[in-house]
Amino acid sequence: TIVSTYMPQSDRPSEEKGKAYELLQKLTDNKKNKGPLYVTGDFNARLIYPTTETDREIIGKHTMHNNDDALTRKEFGESMRENRDLLIEYCHTNEMKVMNTMFRKPIHKLATYRKRKEIEGVDYEDIQIETHEQLDYTLATRRWKNNFKNMETDTKANINTDHYPIIATLRGRLTKTTPKG
């Protein structure tokens, strides 16, 4: 099962964020233990870098940042931290991993969001931490995480959006099931 989601931006009310995660949790509970479950989309969460042991179980070490310094900066406010915490809590509750942080990639293959979509006459700008972020993720339950063989973004996709598509390469084995009875 592949679930595509969009979570509220950091400046939205906490109640709205909570309701969005409640709906996602209900859907997750409904699909649990019924085969592979992948949740992908715009989580509007800046994971930055793992800071605790729980974080390290969920977030891989291959993020756009080399350390957690960005988490202590003034511009990383309480509402951004709330989005980060909600995503980590959801992953922890459902034993999921953030798959696009598990593969070592150059920064232009990690960025999923361009902060400034339209600049006078500029369609493309170099990928940098100051101009791009990682907000879109693909999550997989621990049982099915090994199906992912590669994951990266396509920052040169010919689409008119401020988000870049995530491309995942999966390997799965399908087996025939025989009905009982």
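Predicted model: local features only at pLDDT ≥ 70, side-chain atom pairs only at ≥ 80, totals over all residues.
On one side of helix H3, the residues Glu 78 and Glu 89 are exposed.

H3 has 16 residues. From its first C-alpha to its last it reaches 22 Å, close to the 22 Å expected at 1.5 Å a residue. Its buried residues are Asn 83, Arg 84, Leu 87, Ile 88, Tyr 90 and Cys 91. They cover an arc of only 160° around the axis, which puts them on the same side of H3. An α-helix has 3.6 residues a turn, so residues three or four places apart point the same way.

What do the buried residues of H3 pack against? Their partners are H1, strand E2, helix H2, strand E3, which spans 96–98, and strand E6, which spans 136–141. Just after H3, Glu 95 takes a positive phi of about 50°.

Let me now move to H1. This helix covers residues 14–31, 18 residues in total. It reaches 26 Å from its first C-alpha to its last, close to the 26 Å expected at 1.5 Å a residue. Buried in H1 are Lys 17, Ala 20, Tyr 21, Leu 24, Gln 25 and Thr 28. These residues lie on the same side of H1, because they cover an arc of only 140° around the axis. The face turned away from that buried side carries the exposed residues Glu 15, Lys 19, Glu 22, Leu 23 and Lys 26.

The buried residues of H1 pack against strand E1 (2–6), strand E2 (38–42) and helix H3 (78–93). Just after H1, Asn 33 takes a positive phi of about 60°.

On the H1 side, the contact is made by Ser 14, Lys 17, Tyr 21, Leu 24, Gln 25 and Thr 28. On the H3 side, it is made by Ser 79, Glu 82, Asn 83, Leu 86, Leu 87, Tyr 90 and Thr 93.

Finally, I turn to a single loop residue. His 62 is placed in the loop between helix H2 (53–58) and H3. Is His 62 buried or exposed? His 62 counts as buried, because its relative accessibility is 15%, and buried means under 20%. Leaving aside its neighbours within four places in sequence, His 62 is in contact with Asn 100, Thr 101, Met 102, Phe 103, Arg 104 and Leu 110.

Notes. Residues numbered from 1 in each chain as written. Heavy atoms only, no water. Helix = DSSP H or I, 4+ residues; strand = E, 2+ residues; numbered from the N terminus. Expected span 1.5 Å × (residues − 1). Buried < 20%, exposed > 50% of the residue type's maximum accessible area, 1.4 Å probe, protein only. Arc of directions from axis to C-beta. Contact = heavy atoms within 4.5 Å.
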